[in-house]
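Me: I'm new to this structure and would like to learn how to read it. Can you walk me through it, one feature at a time?

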Amino acid sequence: QVQLVESGGGLVQPGGSLRLACAASGHIFSFYPMGWYRQAPGKQRELVARITSGETTNYADSVKGRFTISRNNAKNTVYLQMNSLKPEDTAVYYCKAERTGDWGQGTQVTVSS
């Protein structure tokens, strides 16, 4: 089992930035792909970004060019840098260990003026 703890969420104005972090323990972090997902009220959870062990990345079309996923294997941490935030980015953001299917508890991101 993998333990995942997200941090970095909060309230930000449109056009602002936030950086989310997900600290992992309980498995060999560097070997596995990791993902960031989000779930807005009344909507299904959706993939935002994914990064492989070789640091290949892919993004949802809605965040391409604005969000960047990265990882620091020495710190067992994956990050999501979010720039040019929009009100429609408001959601609970979750980290997922893609190989095991374990989820973090989520962190709220609210984009509002």
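This is a predicted model: local features need pLDDT of at least 70, side-chain atom pairs count only at pLDDT 80 or more; totals for chains, interfaces and linings use all residues.

Me: Among contacts between residues at least 6 apart in sequence, what share joins residues at least 24 apart?

Reply: That share is 53% in this chain.

Me: What secondary structure does the chain have?

Reply: The count is 0 helices and 11 strands.

Me: How does the radius of gyration of the chain sit beside that of a compact globule?

Reply: A compact globule with 113 residues would have a radius near 13 Å, and the chain has 13 Å, so the two agree. Along the principal axes, the C-alpha atoms fill a box of roughly 40 × 25 × 20 Å. As for cover, 42% of the 113 residues are buried. The chain exposes about 5,700 Å², with carbon and sulfur atoms supplying 46% of that area.

Me: How do strands in a sheet hold on to each other, in general?

Reply: Strands of a sheet pair through backbone hydrogen bonds, and the pairing is either parallel or antiparallel.

Me: Which residue stands opposite Leu4?

Reply: Look for Ala24 in strand 3. Strand 1 and strand 3 (residues 18–25) pair in the antiparallel sense over 5 bridges.

Me: Is Thr77 buried or exposed?

Reply: Thr77 counts as buried because its relative accessibility is 8%, and the cut-off for buried is under 20%. You'll find Thr77 in strand 8 (residues 77–82). Leaving out residues up to four places away in sequence, Thr77 touches Ala21, Cys22, Ala23, Phe29, Ser70, Arg71 and Asn72. The Thr77 side chain also reaches the backbone oxygen of Lys75, at 2.8 Å.

Me: Now the hairpins. How many residues lie between strand 4 and strand 5?

Reply: There are 6 residues between them, and Gly42 in the turn has a positive phi of about 75°. Strand 4 (residues 34–39) and strand 5 (residues 46–51) run antiparallel, joined by 5 bridges. Gly35 stands opposite Arg50 in strand 5.

Me: How many residues of strand 9 are buried?

Reply: Strand 9 (residues 91–97) is mostly covered, with 6 of its 7 residues buried. It pairs with strand 4 in the antiparallel sense over 6 bridges, and there Arg38 stands opposite Tyr93. Strand 9 is also joined to strand 11 (residues 107–111) by 3 antiparallel bridges, where Tyr93 has Thr107 as its bridge partner.

Me: What about strand 10?

Reply: Strand 10 (residues 102–103) pairs with strand 9 in the antiparallel sense over 2 bridges, with Lys96 opposite Trp103. Strands 9 and 10 form a hairpin with 4 residues between them, and Gly101 in the turn has a positive phi of about 80°.

Methods: Residues are numbered from 1 along each chain as its sequence is written. Side-chain values use heavy atoms; hydrogens and water are left out. Buried means under 20% relative accessible area, exposed over 50%, partly exposed in between (1.4 Å probe, protein chains only). A polar contact is a pair of N or O atoms within 3.5 Å; within protein, one must be able to donate a hydrogen and the other to accept it, and residues adjacent in sequence count only if both atoms are side-chain atoms. Contact means heavy atoms within 4.5 Å. Two strands pair if DSSP finds at least two bridges between them. The radius of gyration is taken over C-alpha atoms; the globule rule is 2.2 Å times the number of residues to the power 0.38. Accessible areas come from the Shrake-Rupley method with a 1.4 Å probe; for residues, only the protein chains shown count as cover.
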